[in-house]
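Q: I have a model open on my screen and would like to learn how to read it. Could you take me through a few features, one at a time?

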Amino acid sequence: MSEVIHAPEPALEEEQGPRRISHWIGGRIVPGESGRTGPVFNPATGEQTGEVDFATREEVDRAVATAGEAFPAWRALSLSKRSDLFFRIRALVHEHREDIARFLTLEHGKVLSDALGEVARGLEVVDHACGIPTLLQGRFSEQASTGIDVYSIRQPLGVCAGITPFNFPAMVPMWMWAPALACGNTFVLKPSEKDPSASLFVAELLQEAGVPDGVFNVVMGDKVAVDSLLEHPDVAGISFVGSTPIARYIYETGAKHGKRVQALGGAKNHMVVLPDADIDMAADAAVSAAYGSAGERCMAVSVVVAVGDVGDRLVEAIKERLPKVKIGPGLDPSSEMGPLVTREHRDKVASYIESGREQGATVVADGRELEVDGDGFFLGVSLLDDVKPEMDAYKDEIFGPVLSVVRAETYDEAVRLANENPYGNGVAIFTRDGGAARQFQFEVEAGMVGVNVPIPVPVAYYSFGGWKASLFGDSHVYGPEGINFYTRGKVVTSRWPDPATSVVDLGFPQTR
Ligand code: NAD
């Protein structure tokens, strides 16, 4: 069935040198004209496999103009036809999930099973978008006043833009383009310059599904492309996911230019373990949630808060699991954890092990001791115990396979720690006590809470988003809040002349 490109074989890349990765505008690949590019690496080998174009302001203008031209026909398409298209998109993405996952592994580094999981979670949002005819329903009040009806409708914004991070190169764009398109908007995506290829592949799948040219566009680039989108008068809505300083900048700049903005930022997710918790369950959860995807997840557990006397038992249980985490290239099916995304990021993450030691933490496991052949950006799993809130390893978002354990005397101290942290993305509690879990859910200041669930990413029919420095704007992504974000309300107040006064005899009695 498919004419779409397939993920390149690594051997092919070696022979041919870096691949050129360009824009997708109006339904075709458009080579960049700026002469500015960025390197794309295979993190498992350290080799440069791609060269991605960086768009100029004029190229972004072209993409926005193309999306603007496609908007009237796209918004006029009936809901049932849009829904049909989404079922086709769903089928194609599912059919090509392994190709997409391969792109993710080759450019991000995550292991294939994890990459497939990413596509599956993204697809849930596409599933949700298939139901757009029921998701876009308005309200109706008959006889609000005598002879007057009032009803509300939701309409698309126009051209929307998405700016996405490196760590979920397929799923996070799906969080945005799926609801945006389903609501009748057209879209310009600016993916991370570190792993851009999956976005082009998905663009081809959308075209194959029958999405008209110009409805979905991709511009590659850096700050120049992002600023052009933020300042463009014809971009109505901006969705962003990335680090907190950039999220704040996107929110402020987009709002200054009159756009609605949802900007999700960084995280420092705490996992509170009470003394009555199932230790094996908590240790398994901590290991998979801290080191999965090499810790490069915005919902990764970064801090375990061990309450009361659970600390020694828990640290021991985590420690004994660490040697079993198999680290290697993502394409090797036996690997459980791959490399980090770039050499610079790997080195920065590793620096927190040293600073932790210098500032008084106990280094239980040191990932720098890992030995791997070749020049891949690997770092082993690290565990820091006795971490204190004033240490850099606690204060900063490390975004790598370094797990900190903070000891807390009481439940109250643990909650205070989580609540005083500037971030508020995800948080989890491990306990057998339902009352304690309920109290935690009531008072903890974070947008997503797990009860014996370490990574509580909401299913697609809820919405995803954090609190505090993890979100700028008032709208979470996908689910009901996503539909709300990508539409604007209109309320119609209507009165019709009394049919009895019609110039045509409609058969109504003259007096009622
Ligand atoms: P990043 O903020 O560096 O980049 C995100 C996007 O912004 C990229 O497309 C990038 O090209 C662009 N960008 C970078 N610097 C810019 C600048 N100065 N001006 C304009 N645009 C700029 O983030 P990243 O390193 O790609 O991703 C990791 C971060 O994303 C982590 O902080 C992680 O917690 C966060 N994240 C958050 C969520 C969430 O749901 N809250 C999800 C995934 C990732």
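Q: Where does G35 lie?
A: Helices (H or I, at least four residues) and strands (E, at least two) are DSSP runs, numbered from the N terminus. By that count, G35 sits in the loop between β3 and β4. This is a predicted model, in which local features need pLDDT of at least 70 and side-chain atom pairs count only at pLDDT 80 or more, while totals for chains, interfaces and linings use all residues. Residues are numbered from 1 along each chain as its sequence is written, and side-chain values use heavy atoms, with hydrogens and water left out.

Q: Is G35 buried or exposed?
A: Buried means under 20% relative accessible area, exposed over 50%, and partly exposed in between (1.4 Å probe, protein chains only). G35 has a relative accessible area of 72%, so it is exposed.

Q: What does E33 touch?
A: Contact means heavy atoms within 4.5 Å. Not counting residues up to four places away in sequence, E33 touches E59 and R62. E33 is in the loop between β3 (28–30) and β4 (37–42), and its relative accessible area of 57% makes it exposed. From C-alpha to C-alpha, E33 and A55 are 7.5 Å apart in space, and they are 22 residues apart in sequence.

Q: How do I read strand pairing, and in which sense do β4 and β5 pair, parallel or antiparallel?
A: Strands of a sheet pair through backbone hydrogen bonds, either parallel or antiparallel. Two strands count as paired if DSSP finds at least two bridges between them. Here β4 and β5 pair in the antiparallel sense over six bridges, and V40 stands opposite G50 in β5. The hairpin of β4 and β5 has four residues between the strands, and G46 takes a positive phi near 85° there. By contrast, β1 (residues 19–21) and β5 (residues 47–53) pair in the parallel sense over three bridges. R20 has E51 as its bridge partner in β5.

Q: Which strands form the open sheet with antiparallel pairing?
A: The order of its three strands is β6-β7-β23. Its edge strands, β6 (140–145) and β23 (487–495), each pair on one side only. Three bridges join β6 to β7 (residues 148–156), and the bridge partner of S145 in β7 is I148.

Q: How many residues surround the ligand?
A: A residue is near a molecule if one of its heavy atoms lies within 4 Å of it. By this rule 25 residues surround the ligand, and the closest are K190, E193, S243, G265 and E397. An N or O atom in the side chain of E193 is 2.7 Å from an oxygen atom of the ligand. For G265, a backbone N or O atom lies 2.7 Å from a nitrogen atom of the ligand.

Technical notes. A polar contact is a pair of N or O atoms within 3.5 Å; within protein, one must be able to donate a hydrogen and the other to accept it, and residues adjacent in sequence count only if both atoms are side-chain atoms.
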